[in-house]
Amino acid sequence: MQVNRSTFDDVMVPNYNPAQMVPVRGEGSRVWDQEGNEYIDFAGGIAVNALGHCHPELVNVLQEQGSKLWHLSNVFTNEPAMRLAKKLCDATFADKVYFANSGAEANEAALKLARRFALDHYNEDKDQIISFKQGFHGRTFFTVTVGGQPAYSDGFGPKPGGIVHCEYNNLEMLAEMMSERTCAIMMEPLQGEGGIIVPDPAFVKGVRELCDKHNALLIFDEVQSGVGRTGYLYAYMGVDVTPDILTTAKSLGGGFPIGAMLTTDAIASSLKPGTHGSTYGGNPLACAIAERVLDVVNKPEVLAGVLKKEALFREILGKINDKYHVFSEIRGKGMLLGCALNEKYAGRSRDFMVAANEQHMMCLIAGVNVIRFAPSLVIPDEDIIEGLARFEKAVASVVAA
Ligand SMILES: *Cc1c(COP(=O)(O)O)cnc(C)c1O
């Protein structure tokens, strides 16, 4: 059967507006479309393809586990899930893991757990969830309401209650909002979708102190920042603030859908048998692949490599900006970088992304003012150099237009 981009408009619900080209194959940080054109991939499946496309180790484990055992449901446990959980606990603050299939589901579990923990240990009035403006936590109705962009949560009828939003990086405002009614704070330790905003380290430490003062749980949404993305296995390790609950997805499966919620023994005990669940969550195929991703990423030389690649990106992007004067700031951490557009180009991030695509380079945006790069953590330096040469042509074309 022949399909092309116009088939999308014929048969797909119109909630997305994908690029005109249709990718058919990928290898490392290169992708080919239906016409055989080659692209450099700085989008990384939105911070998912941590090891690029078709990494040999991931192809191996997919084939190995794929010819052994795919799925059981949670009526039975399985070896890959237990091994992955053990490795996640050994590598982080956590004692216990719950598996889901996506970031939103991991966050849904975290929020439900926080509410149940408050009910178990305090009272039913302790139900307030505080999160941050411009934050993003997924698209289920609970998580999208906790997210800080009303445009995403409006228009679907009555929202889940007990949720309020604070300004990111504003400790004073948070201190005023918090009380004994506060059940949990949910925050990204580096805001991704909201514009690649790196918080003040003092703010993150202050949030932890306020949570301790008011007996509220601190939930770090590391769906985008986790699994080596910032040069640390998890971003919390870089700011030296330990959450009570952490969620991880995106890069965790390297392209295979999986999500996880990590927490301590004391908090985990509130998810008693029957309180929560997922049919696919923790299935052996997803867990075997994620286990291999973790094995490959969680090595000192790979994590150090992420910071070296960041330096290369910043050096070349700085030169592009010296020449064309389009960015007000190049920000972010590791392989999660944002170029914030200056006033002259305000609101035009999409134009730059489309121009990059025309130059055969794939990138992302984070709102209307930020161009976002979230490439493979092991992208070869020559692909960074070639991709940014193509990006420079794209910038030149927008500036000249
Ligand atoms: C992408 C993202 C999510 C949602 O993950 P899905 O897998 O799309 O459900 C949640 N939180 C953050 C910080 C994200 O970047």
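## Strands, helices and the model

Helices (H or I, at least four residues) and strands (E, at least two) are DSSP runs, numbered from the N terminus. Gln-128, for example, is found in strand β5.

This is a predicted model, where local features need pLDDT of at least 70, side-chain atom pairs count only at pLDDT 80 or more, and totals for chains, interfaces and linings use all residues. Residues are numbered from 1 along each chain as its sequence is written, and side-chain values use heavy atoms, with hydrogens and water left out.

## Around the ligand

Let's look at the ligand's surroundings. The residues around it, meaning those with a heavy atom within 4 Å of it, are Ser-102, Gly-103, Ala-104, Asn-107, Phe-136, His-137, Gly-138, Glu-188, Asp-221, Val-223, Gln-224 and Lys-250. Helix α5 (residues 103-121) gives the largest share of this shell, three residues. By type, the shell splits into three nonpolar, six polar and three charged residues; in this scheme Ala, Val, Leu, Ile, Met, Phe, Trp, Tyr, Cys and Pro count as nonpolar, Asp, Glu, Lys and Arg as charged, and the others, Gly among them, as polar.

Now for the polar contacts, which are pairs of N or O atoms within 3.5 Å. A ligand nitrogen sits 2.7 Å from an N or O atom in the side chain of Asp-221. Taken alone, the ligand exposes 380 Å², and the protein buries 82% of that (Shrake-Rupley method, 1.4 Å probe).

## Two residues up close

Gly-103 lies in helix α5. It counts as buried because its relative accessibility is 13%, and buried means under 20% relative accessible area (1.4 Å probe, protein chains only). Not counting residues up to four places away in sequence, Gly-103 touches Val-223 and Ala-249, where contact means heavy atoms within 4.5 Å.

Phe-136 is in the loop between β5 (128-132) and α6 (141-146). With a relative accessible area of 18%, Phe-136 is buried. Leaving aside neighbours within four places in sequence, Phe-136 is in contact with Tyr-152, Glu-188, Glu-193 and Asp-221.

## Back to Gln-128

What about the residue we started with? Gln-128 is buried, at 11% relative accessibility. Its contacts, again not counting residues up to four places away in sequence, are Gly-162, Val-164, Met-177, Arg-181, Thr-182, Cys-183 and Ala-184.

Terms used: Polar contact = N/O pair within 3.5 Å; in protein donor to acceptor, adjacent residues only side chain to side chain. Buried < 20%, exposed > 50% of the residue type's maximum accessible area, 1.4 Å probe, protein only.
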